[in-house]
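Open your viewer and keep the selection tool ready. We will hop from one stop to the next.

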Amino acid sequence: MTLTITFVKLGTNSEGGIFGDLKLLDDATVVKESTAFSGGNSFNPLDDGQYRLRLDIRGGEDSNEANTDGTLKPFYGIQQVSQDVQDDQGVHWDMQVEWGTIRARLNPSGGAPDHGDYIHGKKRPRDYTHGCICDRSEVILSYLWSLESPPAGIDVFVSGGVNFELESLIRKNVGKKLASSGRTKRATRKRVTS
C-alpha cells in the first residue's frame, strides 16, 4: 500500500477561497475523495508544493491543548479534536468550530516554510480557512485515523495555484479607523459552558 493525497485547485468559492478536489490514492487508485477549500476572506490559500502527514504521531482528544486566545496548540501528526478544551485560565473552548473532529498537520517537505497548516474538518458554516485545507466531510481523515496498520507518513501534493492570480482573489489588508470609544474588536471563539 502506497498512499498519497492530492489537492488540485480548481476555482474560487463565495468567500474568495480556492476549492478543489482532495483525493486519497493507493498508487493510482482513488481510495477516497472529497471537495475541499483553502484560504479566502483575505487569507492566502495553501501554497502549491509537497507536504508530509505523520501518521505515526497520533493524539486522541486528551492531547488537545488550548491557548488563552482560543486557538488550538500545534500537533505535528494526526489528532482527534475535542468539542471542549480548557485553556490555562480555565476557559473552555469548542475547538470543533474551526477544526472539525480530526486534523492532520501538513509538514512541508524540501525546506519550504512551515505556516502551521493542516487538513481538517470544520463546523463553522463559512467556507474559508487561514491557509489550511478544509474537508468538511472528513472522509479522508477518518479513513486514515481508522487504519489498523497506518504507514508512518504519507505525502500530500498541492497543485493548481498557477491557474489563479492571487492579487485579484485576496482582499488587501487595509487599516480601518478605530471607533471614537477607543474600543477595538477582538476575535472571539465559541466558548463551551460547563
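Select Lys-9 and Asp-48. Their side chains form a salt bridge, with the closest N and O atoms 2.7 Å apart. (A salt bridge is a side-chain nitrogen of Lys or Arg within 4 Å of a carboxyl oxygen of Asp or Glu.) The two partners sit 39 residues apart: Lys-9 in strand β1 (residues 3-12), Asp-48 in the loop between β3 (29-38) and β4 (49-54). Helices (H or I, at least four residues) and strands (E, at least two) are DSSP runs, numbered from the N terminus. Lys-9 is buried at 5% relative accessibility, while Asp-48 is partly exposed at 33%. Buried means under 20% relative accessible area, exposed over 50%, and partly exposed in between (1.4 Å probe, protein chains only).

A word on the model. It is predicted: local features need pLDDT of at least 70, side-chain atom pairs count only at pLDDT 80 or more, and totals for chains, interfaces and linings use all residues. Residues are numbered from 1 along each chain as its sequence is written, and side-chain values use heavy atoms, leaving out hydrogens and water.

Next, select Arg-52 and Asp-155. Here is another salt bridge, 3.2 Å from N to O. Arg-52 lies in strand β4 and Asp-155 in strand β13 (residues 153-159), so the bridge ties together parts 103 residues apart in sequence.

Move to Arg-105 and Asp-114. Their salt bridge spans 3.0 Å, N to O. Arg-105 is buried, at 5%; Asp-114 is partly exposed, at 40%. The whole structure holds 9 salt bridges.

Which charged residue is buried yet has no salt bridge? Select Glu-138. Its nearest side chain of opposite charge, Lys-123, is 8.1 Å away. (Lys and Arg count as positive, Asp and Glu as negative; His and the chain ends are not counted.) Glu-138 sits in the loop between β12 (133-134) and α2 (139-146). Among the residues it touches are Trp-99, Thr-101 and Ile-102. (Contact means heavy atoms within 4.5 Å.)

Step into α2. Select Ile-140, Leu-141 and Leu-144, which are buried. They share one side of α2, because they cover an arc of only 95 degrees around the axis. The arc is that of the directions from the helix axis to the C-beta atoms.

Last stop: Cys-132 and Cys-134. Their sulfurs are 8.8 Å apart, too far for a bond. A disulfide is a pair of cysteine sulfur atoms within 2.5 Å. The whole structure has 0 disulfides.

Terms used. Lists of a residue's contacts leave out its neighbours within four places in sequence.
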